[in-house]
Amino acid sequence: MSSENPLTSDHLSKTIKLRLQANEVEVQDMSGGCGQAFAVIIVSDIFRGKNKLTRHRMVNNALSDEISHIHAFTQKVFTTDEWEEQKRLFGSS
Amino acid sequence: MSEETKKAIHEAVTSAPVVLFMKGTPEAPACGFSRATIQILGQQGVDPAKFAAYNVLEDPDLRTGIKEYSDWPTIPQLYVSSEFVGGCDIIMSMAQSGELAEVLEKANALVPEEEEPAKGESAKEEPTKEEKA
């Protein structure tokens, strides 16, 4: 559709770190390479004290250009403390 | 977005206690995220009489307009009591935490629980019907 290069996980990850001051980012390319579908986990303390809707809006706004070019975007967002709790509960790292 | 589209969306949002803007229909969702959302609403026990779904694929103005109206970039989008709740990720996580049930209950949008048979209150109009799973 667009003449630009397709979005890569690496680029998206860097963009998220920069724009959302994330200290941890996990980007999963669900598209099979076409750069159209991503699932991301974002850990940043800018989410502290914000409810879920506000957090998702912060991400959507920070990535509005990127999201408008792709077909599917799934996000899970945590503060550092919540992320530590997740890791404790589910043993992932 | 034209005033006309804005007005049409406003009417859609207020047309039922629970309103979903989705790709496809509840019977035939056209996208995995819309399908997942419909499944969740079903599991929560949303009363079909209090639910309205709008297929954005049938209406290009709606498809672009609803994103602007809600300030939300993706479909599906859920409204409860005319208030924007979120997209698929939020709905899923609210379903897991129990928040979604609270929101739906507050909106009085759930199928009423079956009454205890021993209680004095009698069902008025509806004949009792047993549903076997």
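Biologist: In what order do the four strands of the open sheet in chain B come?

Modeller: In general, strands of a sheet pair through backbone hydrogen bonds, either parallel or antiparallel. Here the order is E2-E1-E3-E4, with mixed pairing. Strands (E, at least two residues) and helices (H or I, at least four) are DSSP runs numbered from the N terminus, and two strands pair if DSSP finds at least two bridges between them. This is a predicted model, where local features need pLDDT of at least 70, side-chain atom pairs count only at 80 or more, and totals for chains, interfaces and linings use all residues. Residues are numbered from 1 along each chain as written, chains are lettered from A and ligands numbered from 1 in written order, and side-chain values use heavy atoms, without hydrogens or water.

Biologist: Which strands sit at the edges?

Modeller: E2 (51-55) and E4 (83-86) of chain B, each pairing on one side only. E1 (18-22) and E3 (77-80) of chain B run antiparallel, joined by four bridges; B:Val19, for one, partners B:Tyr79 in E3(B).

Biologist: What packs on the sheet?

Modeller: Helix H1 (3-13) of chain B, touching E1, E2 and E3 of chain B. Contact means heavy atoms within 4.5 Å.

Biologist: At what angle do H4 and H5 of chain B cross?

Modeller: Axes are lines fitted to C-alpha atoms, for helices over the stretch in contact, and angles run from 0 to 180 degrees between N-to-C directions. H4(B) (88-97) and H5(B) (99-106) come within 5 Å and cross at roughly 95°. So they're roughly perpendicular, the label for 65 to 115 degrees.

Note on methods:
Angles under 35 degrees count as roughly parallel, over 145 as roughly antiparallel, 65 to 115 as roughly perpendicular and the rest as oblique.
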